[in-house]
Amino acid sequence: MPASVPVVSSAVAAAEQRMRTLLAQGKWRQARNDLKALLKTDRARFLPLLVEANLGLARQMLSAGQDAQARQVFAYLATLVPPEQLRAFEAGLAGTAGTAGHSGPPPGESIAALADSSVARSEPERMRLADQVVLAFEPVSAAEPAQARLADEARAIHEALHAWSRREWSAVSEILRRVPHRSPFSHWVIFVKGIMGFHTGEAERAAKLLQGLPAGSAPAKAAQAYLWLLARAAGGEPASPAESSAPTAEATQAAVCRLIGAGDVSAVLIRADRHWRGGKHVESYRAVRDDLGPFPSAGLDWPGVLSEFYFKAPHGMAEAEWVKFLRFFADLIGRDRLKNEAERMLAHRLSSLMGQAIAPPDELRAGWEAFLRVHQAVHGANPHLASLGYGWLGERLSMVCRSRGFFAGPPQMRDPGGAVEMLRRSIELDPANLAAHLKLCDVYGALKKHSERNRLLDEMTARFADEKHVLVRAAEGCIERKAFGKGLGYLARARQLDQLDPRIPELTVAGLCAQARQQFQQRRPEKAQQTLAQAEPWLTDKPDDFRRGRWTVLVRHGLMERRWANPEQAEALLARARALAPHPAAMLLFAHLTDRENSKPYFGETGFLEELKATLRGAPRLAEIGWLLRLLEQWQDENGETRMHFEEKVIREAIPRALSQPFTRAEAAEVIERARDRADFARPLQQLVKKLLRADSLDPQARLWRLDLSGPWNSEPAKDRAELQSIVDEATRRRDDPSLRKARQMLRDLDLPPPMPNPFGPELAGPELDDEEDDHEEDDFEHGGGPLPDLPPEMEEEFAELLEAMRVAPESALRDLRKTAQRQGVPDFIFDTLIAAAKGKPLPVPPSGPPKFSPPAPKPLPPSAPMSKPAAPKPPVSDPDQLNLF
Amino acid sequence: MNPYLVLGVPRDAVDARIRRAFLDAVKQSPPETHPERFKAIAGAYEKIKDEPSRCRYDLFDTDCPGNSPLDVVLRHAALTAPLAPLGFEAMKDYLRACAKT
C-alpha cells in the first residue's frame, strides 16, 4: 500500500474549510475557536486569520456596547501582534461607535467599486469614493488583493489621523508611506501632511499642501478653516469668512469655530453675526448675552474680546444707531438688570465716554465714578488709573458750554465745584499727575480763585521741579501778584530746562518791566533802571516783537521815567523808541496803551492817542493800520482787556482814509482778518472789500469777505447759496484752496446755521463817541450798532418776556441782575435802558465823550522827533497778494 | 485687536515683559516682510508699553477689535496660537461636518 495522505491533513483541510465559511458568515467566535486549533498546525498561515477573527469579534462586541469584553479580546490580540499593529487595530475599531452618524454606502462597496478596473471612472468619482471610505471610519476586510490593498491604504489614513491627534508626528509620516502616490487616497495623504505642518509650525508648507487639494473633495473642504487660520497668523488680512454671508462662508465660519474650541457656540455666534451685519446691533448683543454664560467678560479669552467689541463698536456708529444701543444699556442700568460686574463696568464706561459732551454733569459723574468703582473691583485697585479717571472727569466737568436762555451770558463751566473736587481727588490719588495739577490751575484761574491757584502753583514748583511748564506758570502767577523775585527765579530755572522756548524770555522782560514800574512807583528810580538793564540780554530788534522788542521796552521805560522820575530822560528814551519802531503810529498806540496802564485805575485818552489821531488824519497807509490792529490784538490777549472803544474808533476811522493810498492785497487781507470780529468795523471793511472787488470782481476771497461782513441777520439764503457756489467754482479755477474750503464750509453752514449771536455781544459793547470830526453821519443803528439791536422776529417774544420779568422783579433782584450783567460785560447804560424800557420810564441818554477822570496831568509833549526814513519800496514780485492795486 | 493678545502677554505683565514680547514679535514679523503685522505689533506696543499707557488704554481706548462679532472671535483664534490638534473623535466629526457642506 503506497503512503496515503495523512489523516491529519484531511482533517485540517476540513477544519480550514469550515473556518473560512464561518469567517465569511461573520461568526467570529466560532471561527476563532477553530483557528486556535488550526494555529498549532501552521502558525504562519493561520495567524492572520486568527487576528481577523478576533478583530471581527472585538468590533461586534463594541457595537453591542460590550466594552469590557472587547478589551479582553484586545488583550489577547496583544499576545499575537506587535504593538504598532495593535494600535492600528485600535484606531480602526475606535470609529466603530461613530458609524451610526455616518450616512453613506458601506465602505466595502466603495472599495469594491474603486478596485473594479472593468468600469472606467473619472478622477472626481474615484475621489468621491475614496472620501466615502475614509469618512466611514470603518475597517474593511477584503479577500481580493486589489481590494485588500485599497482597504489597507484607507486604514493607513485612519491610523495617521489617530497618530496626528496624539501628536505622534514621526508615526504619521511612517504610516503615510503605505499610501502610494497614485492611490485614490493620495489627497488624504496631502491633507494629513498639511494639518501636521499646521501644528508643527511649518506654516508655509502647510498652506502649500492644503491649497493644493483637489477642489470639492472632503479634505479640501476641511482645509478651508486651516487655511484661513494660517493666513491670519501670517499677518495678512484674508477675506474673513465672517465678511461674507455665502453658505460656504458660513460653513467655514462653523468649521473655524470648531477648530478653536467654540464649536458648541458656533450657531450663536453665526446668528449674532448675522444680526450685526443686518444693523440689528441690540439683537446681536442679546443673542450672545442670552445664550453664552461667560459673556460679557473682562478677560483675554474670546468672550472677553467679544465683549470688548460690543462695547467699543458704538464709537464708530452713526448717531441714531449708538443712541439706540446706549438706550438698551441705560434701561438695564436703570432697572438694575445687568448680567454681571463686567457688563456693569463696560456699560458705565460706554455711556460715560459716549455722553461726555452732552450728559448732565451729575449723570456723567455718577456713571464714570460707577465705572471706576467696578473697574477696581474687577481688576484690582490701581491709584494711577483712578487718578487718570478722576482727572478726566474733572476736565469734563470744567468744560465750558453756552448758557441757556435769552439773557445768555458768556459760556460757563459745566460744574465748577465738581471739577475742583474731582481734580483734587485725582491729585490725592497720584501726586505725580501733572496734567491734573495743570488742569486744576486752569479751573482756579477761570473761577478767579487766584490765591488757591497760586498756592497750588507753589506746591507744584516743589513737586515738579524739572517741569518747565510748571515753572513758567508759577512765574506768571508770581508776576501777576507782584512777587517779582520769586517769579524771576522760577523763570531762571525754566530757562535752564529749555533755552529755546521764546515764552521764557518774553515773561522775563515783562516781569522785569513790571518790577521796574513798581520800583519807580516806590520812588527808587536807580533801582528801577538797574532792573531794566537786566532785560538787555533778552531784547530783540525785531520791529514786530511787541513783547521784547527793544523799542517797546524803551517806550515803557520812557513813560515810567516821565511819570515818576526824570522827564528829560523820558523824552530821550521815547525819541529812541520812535526811531526804532516800525511805524510812528505803532509807537504812539503802544505808548498810549502803556501810559493808560500806568495811570490805572483811570481810563481814557492820553496825549499819545491824540497824537495818533492826528497822525492818522493825514494819509495813513493800510499797512500801518495792520500794525495797529496787530498791536491791539496782542495787547488785549495779554492783558485780558475787552474795553478798547477809543482805540478801536481811532483805527476804524482811519481805514476809509487809507483807501486813498496804495495798498497790497496782503495788507488788505491782514486788516480785514484782524478787524472783522471787532465792533462797528463792518462798514469800513466793506468799503475796503469793495475796493478790492473793483480791481478784481471775481476774487473769491474778497467775495467771501463781502458775504461774511454782510452779517448773518441780513443773509438771503438762496442768493447767498448761488454766490457761494460761484465762489467755489472760481476758487477751484484759481486753485485757491483756502477760499475753496471756506466757501464750502459756508455752504454747509447755510444748511446748519450757527447759533444766534448774543445780542449783548460786541456790537453793543460800548457807546458811540460824539466826535465832531466824525464824518460818518449815517445812522449806526443797523447791524446792531445802536443801543439795542434789530432783533430777529423769533427773538422778539423772548425779549418781551425778559422785559416783563424785569418790570415785576423786586429791586433786590434787579440789583443782583445788574451785578451779573456787569460781570458778563454788559455796559451799565444798556442795563439802565432795559430797566427803563421795562418800567415804562424815559430812556436814559447815551453817554457822550470819554468818561471824566482826573489823573495827574501829563507834561506837555515836545515836538515830535523827525520821522524815521521810510522803508525802501519793495522790489516787484509776482505774488498777486503783494501787488499794488493802484 | 486687544494689544495684550497681539503681544501675547497677560494683563498684569510689567514693562520689561511687554517690551520683550514686542521685540520677539518684531523679530518674527519684521516690517520688511510683514508690514501689516508689524504695524499691528507696533500699535499694540504703543498702547501698553508703560503703566500710564495701560491705564489710558483701560479708561479711554475706543478702537474696535473687529468688524463683526464672528470676525472678532476668528481674529482672536488666529492670534492665540498654537491650536492643539483635535481629538480623534472630534476630528472625525469635523471631517464629516465639513464634507456635508
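A search of the whole structure, which is a predicted model, finds 28 aromatic pairs over all chains. Rings of Phe, Tyr and Trp (its six-membered ring) are paired if their centres lie within 6.5 Å; planes under 30 degrees apart count as stacked, over 60 as edge-to-face and the rest as tilted. One of these pairs is formed by A:Phe309 and A:Tyr310, which are edge-to-face, at 5.3 Å centre to centre and with 70 degrees between the planes. A:Phe309 is buried, with a relative accessible area of 1%, and A:Tyr310 is likewise buried, at 0%. Here buried means under 20% relative accessible area, exposed means over 50%, and partly exposed lies in between (1.4 Å probe, protein chains only).

A second pair is found in chain A. The ring centres of A:Phe546 and A:Trp627 are 6.0 Å apart and their planes stand at 75 degrees, so this pair is edge-to-face as well. A:Phe546 lies in the loop between helix H27 (525-533) and helix H28 (550-564), whereas A:Trp627 lies in helix H32 (residues 622-639), so the pair ties together parts of chain A that are 81 residues apart in sequence. Helices (H or I, at least four residues) and strands (E, at least two) are DSSP runs, numbered from the N terminus. Both partners are buried: A:Phe546 has a relative accessible area of 4% and A:Trp627 one of 13%.

Aromatic residues also gather in a group. A:Phe309 and A:Tyr310 belong to one aromatic cluster, whose members also include A:Trp276, A:Tyr285, A:Phe295 and A:Phe311. A:Pro296 itself lies in the loop between helix H15 (281-291) and helix H16 (302-312) of chain A.

In chain B, the axes of helix H2 (residues 15-28) and helix H3 (residues 35-48) come within 10 Å and cross at roughly 170 degrees. The two helices are therefore roughly antiparallel. Axes are lines fitted to C-alpha atoms, for helices over the stretch in contact, and angles run from 0 to 180 degrees between N-to-C directions; those under 35 degrees count as roughly parallel, over 145 as roughly antiparallel, 65 to 115 as roughly perpendicular and the rest as oblique. Contact, meaning heavy atoms within 4.5 Å, involves residues including B:Phe22 of H2(B) and B:Tyr45 of H3(B).

Two loop residues of chain A show a positive phi although neither is a glycine. A:Asp336, with phi of about 55 degrees, lies between helix H17 (319-334) and helix H18 (341-354) and is exposed at 51%. A:Lys482, with phi near 70 degrees, is found between helix H24 (468-480) and helix H25 (484-497) and is partly exposed at 49%.

Residues are numbered from 1 along each chain as its sequence is written, and chains are lettered from A in the order in which they are written. Local features need pLDDT of at least 70, and side-chain atom pairs count only at pLDDT 80 or more, while side-chain values use heavy atoms.
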